[in-house]
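Dear colleague,

I am passing on the structure below, followed by my notes on what was found in it. Please read the two side by side.

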Protein chains: 2
Amino acid sequence: MGYKVAPLARLIEQFERFPGIGKKNAQRMAFYVLNLSQKDAQDLSLAISEAHSKIHNCSVCGDLTDEELCPICKSVNRDKSIICVVEDPADVLAFERSGEFRGLYHVLHGVISPINGIGPDELNIKSLLTRLNNDEVKEVIMATNPTVEGEATAMYLSRIIKPLGISVSRLAYGIPVGGDLEYADEVTLKRAIDGRQNF
Amino acid sequence: MGYKVAPLARLIEQFERFPGIGKKNAQRMAFYVLNLSQKDAQDLSLAISEAHSKIHNCSVCGDLTDEELCPICKSVNRDKSIICVVEDPADVLAFERSGEFRGLYHVLHGVISPINGIGPDELNIKSLLTRLNNDEVKEVIMATNPTVEGEATAMYLSRIIKPLGISVSRLAYGIPVGGDLEYADEVTLKRAIDGRQNF
């Protein structure tokens with residue numbers, strides 16, 4: 001019902017496929033596009049096609065880049081002795097926003113998930129081991145998500161990496177800063193107690 | 001911080017401009033685009049540029065269309081004796097979704113708003129009067145939004161239209177269906193009482 005104008009219907013339908021975008025929002029977004037200037041609409045359309053065609057994975061760490069190496073791997077200011085292993089490029093952005101980590105990253109592009117048919121060979125793991133063999137890496141931080149699959153993947157990797165004489169660590173679990181104890185789930189609370197630190 | 005890959009930064013920035021889309025959502029949307037297949041990304045880019053270039057206002061009612069006349073004005077199944085005047089094309093979609101209204105529409109593309117420098121001449125009003133003079137219109141329903149400007153615009157139009165011998169009506173105000181009396185504001189409650197109807 002309603003969307004009888006084909007190009008409008010197609011546009012709304014495209015926006016509805018975006019994550020977290022419902023029918024109403026897709027419609028608002030489509031009207032926003034129709035109200036753009038000719039140039040702004042072209043810029044938007046171009047930004048999509050360019051981002052898609054130009055961005056690929058960094059040949060070293062697997063993060064997103066439009067050049068051979070990503071800005072972090074290319075940087076001379078990063079500590080090359082420590083690698084933070086994450087699931088997705090979005091996780092790299094999260095770390096970079098915090099500005100706390102000055103080492104390098106390695107993006108797995110997923111987690112080991114037998115139920116979805118994803119084994120170690122489907123992930124960006126081989127190139128991690130190559131980096132560990134060639135480079136002056138002293139520590140690997142496992143920063144996969146605190147899910148069953150994220151844990152299992154971290155465990156799997158640490159068993160491979162430890163024998164190489166490289167120390168493997170895990171992000172701390174606990175109460176999120178600004179979080180409310182009252183609303184923390186039992187598992188998080190247990191982890192927070194287990195990982196308690198001396199003042 | 002973080003968005004050091006230019007095409008990705010540009011895409012996120014484009015999505016942030018959309019109404020109701022914050023930083024986090026824009027980022028999720030950009031990653032969604034990067035994960036699309038080549039064809040799907042092209043389709044999305046094309047849907048935007050096509051919708052923008054092909055869609056314009058119906059020469060009769062001002063609603064959106066990619067042809068000379070919109071599907072509603074062109075239809076032989078609509079009651080041409082009644083016109084519903086709305087602010088925006090999105091309002092037409094809302095009415096069409098309800099499926100209750102079988103007449104025609106007229107889209108003003110805004111409301112009279114002296115504070116924003118929008119007078120009657122900036123709105124799609126002249127073509128409404130042309131329709132009323134030429135056509136077999138018996139009734140005009142004012143369906144502008146229940147805001148100060150929407151009210152004033154409806155008032156302004158009704159003063160012009162009534163002398164033409166055409167009856168002018170207004171959408172009913174009241175408690176929204178499924179709404180909770182407890183949360184209704186005072187103005188709405190007053191309107192609901194004023195407009196009460198016999199069982």
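K190(B) is exposed, with a relative accessible area of 52%, where exposed stands for over 50%, buried for under 20% and partly exposed for what lies in between (1.4 Å probe, protein chains only). K190(B) forms a salt bridge with D194(B), and the closest N and O atoms of this pair are 2.8 Å apart; a salt bridge is taken here as a side-chain nitrogen of Lys or Arg within 4 Å of a carboxyl oxygen of Asp or Glu. The two residues lie four apart in helix α8 (residues 186–194) of chain B, so about one helical turn separates them; helices (H or I, at least four residues) and strands (E, at least two) are DSSP runs, numbered from the N terminus.

Please keep in mind that this is a predicted model, in which local features need pLDDT of at least 70 and side-chain atom pairs count only at pLDDT 80 or more, while totals for chains, interfaces and linings use all residues. Residues are numbered from 1 along each chain as its sequence is written, chains are lettered from A and ligands numbered from 1 in the order in which they are written, and side-chain values use heavy atoms, with hydrogens and water left out.

The relation between the copies comes next. Chain B can be laid on chain A with an RMSD of 0.1 Å by a turn of 180 degrees and a shift of 0.0 Å along the axis, the superposition being by least squares on the C-alpha atoms of residues with pLDDT of at least 70 in both. The two copies are thus related as by a two-fold rotation axis, and in chain B the C-alpha nearest that axis is that of S45(B), 2.3 Å from it.

The contact (heavy atoms within 4.5 Å) takes 53 residues from chain B and 52 residues from chain A. Because 98% of the interface residues of chain B are also interface residues in chain A, the copies meet through the same surface. Chain B and chain A bury about 4,900 Å² between them, 71% of it on carbon and sulfur atoms; buried area means the accessible area (1.4 Å probe) that two parts lose on being put together, summed over both.

Two salt bridges are found across this interface, and E50(A) meets R10(B) in a salt bridge through their side chains (3.4 Å, N to O). On the side of chain B that touches chain A, the elements giving two or more residues are α1 (6–16), α2 (23–34), α3 (38–54), β2 (64–65) and α5 (89–98) of chain B, and the largest share, 13 residues, comes from α3(B).

Finally, I48(A) is found in helix α3 (residues 38–54) of chain A and is buried, with a relative accessible area of 0%. Residues up to four places away in sequence aside, I48(A) touches L11(B), F15(B), V33(B), A41(B), L44(B), S45(B) and I48(B).

With best regards
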